[in-house]
Every structure is written in C-alpha cells, then in structure tokens.
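Please keep the sequence and the structure in view while reading.

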Amino acid sequence: MPDALHQRYLRALDVHRDHRAACTACTSTSRCREGERLWTVFTRSQDAYLERQRNRRNTP
Ligand SMILES: [Zn+2]
C-alpha cells in the first residue's frame, strides 16, 4: 500500500533537488525565493512524515 505522506516527502525532496541543480541563484549557503519556497515545502512534508512515524511508535 503506497504511503502518501512518505511519497509526498520524497517528491518534495526531488523537486527541491532538481531546482537546486538547475538554479544558478541557489548556492550551498543561500536560496532564491523559489528555492526557499520549495525547501519549506520539503521540510513541512518531512516534519509531517516524521511526526506521524513518532505517533505510530507511541501508539502500537
Ligand atoms: Zn533557486
């Protein structure tokens, strides 16, 4: 069964990585406006995924 939350998290990481590879404004120390937006999407997806993992562990 596909894990939607995990899929979204991996997808957001891919999207950000693709942008990072193609964008000349993004560096290892700073991000352009779009890069920042994509990074935020990724961290939120990651947080949601990890939060659920933690909740699952606490409630067998
Ligand atoms: Zn960028």
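## Helix packing and aromatic pairs

S45 lies in helix α2; helices (H or I, at least four residues) and strands (E, at least two) are DSSP runs, numbered from the N terminus. The model is predicted, so local features need pLDDT of at least 70 and side-chain atom pairs count only at pLDDT 80 or more, while totals for chains, interfaces and linings use all residues. Residues are numbered from 1 along each chain as its sequence is written, and side-chain values use heavy atoms, with hydrogens and water left out.

With a relative accessibility of 5%, S45 counts as buried. Buried means under 20% relative accessible area, exposed over 50%, and partly exposed in between (1.4 Å probe, protein chains only). Apart from neighbours within four places in sequence, S45 is in contact with R8, Y9 and A12, where contact means heavy atoms within 4.5 Å. From S45 to N58 the C-alpha to C-alpha distance is 20 Å, and the two are 13 residues apart in sequence.

Two packed helices are described by the angle between their axes and the distance between the axes. The axes of α1 and α2 cross at roughly 155 degrees and come within 9 Å. Axes are lines fitted to C-alpha atoms, for helices over the stretch in contact, and angles run from 0 to 180 degrees between N-to-C directions. The crossing angle makes α1 roughly antiparallel to α2; angles under 35 degrees count as roughly parallel, over 145 as roughly antiparallel, 65 to 115 as roughly perpendicular and the rest as oblique.

Residues of α1 that meet α2 include L5, Y9 and L13, and their counterparts in α2 include L38, F42 and Y49.

Which aromatic residues form one cluster? The cluster consists of Y9, W39, F42 and Y49. Rings of Phe, Tyr and Trp (its six-membered ring) pair if their centres lie within 6.5 Å; planes under 30 degrees apart count as stacked, over 60 as edge-to-face and the rest as tilted.

| Pair | Centre to centre | Angle between planes | Arrangement |
|---|---|---|---|
| Y9 and Y49 | 5.2 Å | 20 degrees | stacked |
| W39 and F42 | 5.1 Å | 50 degrees | tilted |

Y9 in helix α1 (residues 4-22) and Y49 in helix α2 (residues 33-58) are 40 residues apart, so this pair links distant parts of the chain. Both Y9 and Y49 are buried. W39 and F42 are separated by about one helical turn because they are 3 residues apart in helix α2. W39 is partly exposed at 28% relative accessibility, whereas F42, at 6%, is buried.
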